[in-house]
Amino acid sequence: MSAPRLTAERLAEIKQRADAATPGPWWTRDHGNHPPNTLSGVSIFAPPDARPFKGNLVAFTGTADIYEDGQRDAAFISEARTDVPDLVAEIERLHALIERITPEMVDTVRRIAGVMESTVITRARDEAKLLHALADLLAALRGDA
């Protein structure tokens, strides 16, 4: 089962949240796994100048009971501050490339493949199969398939 296509609106929402978050990069500080009633877990910090007058603690995760989960969660959260903008930028780049694929391009590839299939030359017929596969891929990227 494939995930639904990420719409421009959904991508804009993600980008807006990332842009509104405290600037990064963020990092973690492990407080260790201590007995109850003491600080156990991992703090997530932003650069000192990222939040003037508010301090640089972004989040705290983990307790003695779930300490290892807290470490993994903190690593994920702190890295997400830079990972999410990078992923959004890559998706925007790929969407821009996909937008350049026109229906006429797909039709032309299919037409050339059809002509090549009709030849008696085996190599041309083999290459026609590749062109059909390319046309299918282009159409899928456009959302036509």
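Below are my entries, one topic at a time.

**Ground rules.** I'm working with a predicted model, where local features need pLDDT of at least 70, side-chain atom pairs count only at pLDDT 80 or more, and totals for chains, interfaces and linings use all residues. Residues are numbered from 1 along each chain as its sequence is written, and side-chain values use heavy atoms, with hydrogens and water left out.

**Helix H3.** Helices and strands here are DSSP runs numbered from the N terminus (helices H or I, at least four residues; strands E, at least two). I checked the length of H3, residues 103-117: its end C-alpha atoms are 21 Å apart, in agreement with the 21 Å its 15 residues should span at 1.5 Å a residue. That expected span is 1.5 Å times one less than the number of residues.

Which residues of H3 are buried? I found Val106, Val109, Ala113 and Met116. Buried means under 20% relative accessible area, exposed over 50%, and partly exposed in between (1.4 Å probe, protein chains only). They sit on the same side of H3, because they cover an arc of only 90 degrees around the axis; the arc is that of the directions from the helix axis to the C-beta atoms. On the face turned away from that side I noted exposed Glu104, Arg111 and Val115.

**Helix H4.** The cover over the buried residues of H3 includes H4, residues 122-142. H4 has 21 residues and reaches 31 Å from first C-alpha to last, close to the expected 30 Å. Its buried residues are Ala124, Ala128, Ala135, Leu138 and Ala139. Their arc is only 95 degrees, so they share the same side of H4. They pack against H3. Exposed Arg123, Lys129 and Leu130 are on the face turned away. After H4 comes glycine 143, with a positive phi near 90 degrees.

**The aromatic pair.** My search of the whole structure found one. Tryptophan 27 and phenylalanine 45 have ring centres 6.0 Å apart and planes at 25 degrees, so the pair is stacked. (Rings of Phe, Tyr and Trp, its six-membered ring, pair if centres lie within 6.5 Å; planes under 30 degrees apart are stacked, over 60 edge-to-face, the rest tilted.) Tryptophan 27 is in strand E1 (27-32) and phenylalanine 45 in strand E2 (41-45), so the pair ties together parts 18 residues apart in sequence. Tryptophan 27 is partly exposed at 37%, while phenylalanine 45 is buried at 17%.

**Serine 78.** I placed serine 78 in helix H2, residues 67-99. It is buried, at 5% relative accessible area.

Conventions
Contact = heavy atoms within 4.5 Å.
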